[in-house]
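Let's walk through this model together, starting with its aromatic rings and ending with its helices and domains. Keep the viewer open as you read.

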Amino acid sequence: MQCGCGQCWEWTEVEEIDDTTCLGIGACPICLARFGVEGGAKEIDPLLEKIIWTDEAGHILERLPPYVAPLVREEVEGYAQGKGARLITFAILTESKNRGTVFWSPEAERRLERVPAAVQSMARIELERTAIDRGMSEVTVALMEEVKARYFGMGAAQA
Ligand SMILES: [Zn+2]
């Protein structure tokens, strides 16, 4: 998109106002004029020159542990590119995460429920990623023990 001065506008952020509406905000790098565009993700997406994460999707990424975030970013952006999308919304993030379906053995699921809530979602993501990386279709107790010992420094003996 072009500014009145002929320069291309630069997007600074895109917010998801609700499930169907996004607000894109940016400015002209030359004359510093600011702009805002409101519309659905599908309307804003074609206006972007590069990949932009919405604030909502970006916050999820920021809360991931530093060793997981770059992997998730790469995976989600790869998934978005496959769809021809440049705007990474919360919906795309969720879609991408559900793409590689990993099952949990009942025993592994029960164990995850005992993990403190603060680290539970991060443990789930890490375990599913590890399973996918190894071509496993199921998270097992053995895998949990291994990942726990490796990343969380906890003893693997409390079976
Ligand atoms: Zn301008």
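Two rings of Phe, Tyr or Trp (for Trp, the six-membered ring) count as a pair if their centres lie within 6.5 Å; planes under 30 degrees apart make the pair stacked, over 60 edge-to-face, and anything else tilted. Bear in mind that this is a predicted model, in which local features need pLDDT of at least 70 and side-chain atom pairs pLDDT 80 or more, while totals for chains, interfaces and linings use all residues. Residues are numbered from 1 along each chain as its sequence is written, and side-chain values use heavy atoms, without hydrogens or water.

With that rule there are two aromatic pairs. Trp9 and Phe35 are stacked, with 4.1 Å from centre to centre and 15° between the planes. This pair bridges distant parts of the chain, since Trp9 sits in the segment before strand E1 (10-16) and Phe35 in strand E3 (residues 34-39), 26 residues apart. Helices (H or I, at least four residues) and strands (E, at least two) are DSSP runs, numbered from the N terminus. The rings of Trp11 and Phe35 have centres 5.2 Å apart and planes at 85°, so they are edge-to-face. Because Trp11 belongs to E1 and Phe35 to E3, this pair ties together parts 24 residues apart in sequence. Phe35 is buried at 8% relative accessible area, and Trp11 is buried at 10%; buried means under 20%, exposed over 50% and partly exposed in between (1.4 Å probe, protein chains only).

Now turn to helix H3 (residues 69-83). Its buried residues are Ala69, Val72, Val76, Glu77, Tyr79 and Ala80. They cover an arc of only 160° around the axis, which puts them on the same side of H3; the arc is taken from the directions from the helix axis to the C-beta atoms. The face turned away from that buried side carries the exposed Glu74, Gln81 and Gly82. Just after H3, Gly84 adopts a positive phi of about 75°.

Finally, the domain assignment gives domain 1 (10-98) and domain 2 (101-152), with bounds from an automatic or database assignment. Their centres, taken over C-alpha atoms, are 28 Å apart.
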